[in-house]
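Please have a look at the model before reading on.

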Amino acid sequence: MKNPKPVTKFLFLTLLFTLRFSISLSRKMLPPVPKTVVSAMNKAAAAASSSKTILITGVSKGLGKALALEMAKRGHTIIGCSRSQDKLDLFQTELTSSSAHNSSPIREIKHLFMKADVRSDGSIAELARLVMESKCLPDIIVNNAGTINKNNRIWEVPAEEFDAVIDTNIKGIANILRHFMPHMVEIKKGIIVNMSSGWGRSEAAHVAPYCASKWAIEGMTRSVAKEVPEGMAIVAVSPGVVNTDMLASCFGTSASVYQAPEVWAPKAAAMILNLTPADNGASLTV
């Protein structure tokens with residue numbers, strides 16, 4: 001092929017230079033993206049990729065409510081259950097209001113709340129069915145639902161009150177494990193937190209049913225820890241002393257000197273989110 005004529009070559013080079021200059025100039029004229037925006041976008045993207053789905057029982061009040069609000073604030077998806085639909089509705093309203101002040105433009109979080117009674121195996125079976133249908137298998141389960149007997153010597157505790165403590169605190173956890181653990185075991189992944197108590201590692205007068213239930217949780221946790229596959233962990237966590245309705249039932253007005261659930265929740269959330277399979281079988285305290 002013959003070399004291009006000098007004029008044609010000159011025009012070609014001129015056009016190429018003009019094009020390159022225009023591109024360079026346009027890049028310089030574009031305003032740089034502020035570092036704060038880049039940082040926020042990177043953090044939001046990282047949060048979305050590390051987000052967990054967390055099932056919390058007894059989510060409508062006390063420690064469960066405070067923990068759910070804190071986890072949602074951190075960008076995690078909450079599956080919550082409670083026996084009271086009215087309290088669930090109020091909690092959802094509060095959570096929606098809280099989320100509005102912490103919204104992310106990258107990821108819209110959809111939580112799932114259902115009325116369920118941990119004391120009923122059938123109720124938890126239905127909860128598990130609905131959760132699985134929604135395709136949101138929990139990464140973390142927090143067995144938080146619990147109750148305590150009124151201060152009384154063991155022979156003065158009514159049978160129905162004793163049953164309520166055992167059915168909620170022990171059998172309630174067993175029901176959750178029965179219906180959710182098989183899905184975790186199948187994929188060999190998941191963290192289970194059983195809320196224990198300082199009274200699950202010590203003793204006190206007038207709360208024998210409660211102490212018995214929390215000691216049982218400690219023992220059940222350690223036993224189940226020997227049954228889970230590598231990649232999973234089940235732990236017992238004592239929340240420490242927190243000013244809740246349950247504490248007030250024991251301590252009366254003096255319960256108010258202890259930390260509020262809202263103060264406790266960030267510490268609990270940080271501990272739970274940092275649990276790994278290496279913690280399997282541990283007894284921990286917030």
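Is K65 buried, partly exposed or exposed? K65 has a relative accessible area of 23% and is partly exposed, where buried means under 20%, exposed over 50% and partly exposed in between (1.4 Å probe, protein chains only). This is a predicted model, in which local features need pLDDT of at least 70 and side-chain atom pairs count only at pLDDT 80 or more, while totals for chains, interfaces and linings use all residues. Residues are numbered from 1 along each chain as its sequence is written, and side-chain values use heavy atoms, leaving out hydrogens and water.

**Salt bridges**

K65 forms a salt bridge with E94, that is, a side-chain nitrogen of Lys or Arg within 4 Å of a carboxyl oxygen of Asp or Glu. The two residues are 29 apart in the chain, K65 in helix α3 (residues 62-73) and E94 in helix α4 (residues 85-100). E94 is partly exposed too, at 34%. The count comes to ten salt bridges, including these:

| Pair | N to O distance |
|---|---|
| K65 and E94 | 2.9 Å |
| D117 and R119 | 2.9 Å |
| E156 and R153 | 2.7 Å |

D117 is buried at 18%, whereas R119 is partly exposed at 35%. Salt bridges also link E126, R129 and E133 in a network.

**A helix pair**

Helix α6 (residues 159-187) packs on helix α7 (residues 208-225) at about 20 degrees, with their axes 8 Å apart. The two are therefore roughly parallel, a term for angles under 35 degrees.

Definitions and conventions:
Axes are lines fitted to C-alpha atoms, for helices over the stretch in contact, and angles run from 0 to 180 degrees between N-to-C directions. Helices (H or I, at least four residues) and strands (E, at least two) are DSSP runs, numbered from the N terminus. Angles under 35 degrees count as roughly parallel, over 145 as roughly antiparallel, 65 to 115 as roughly perpendicular and the rest as oblique.
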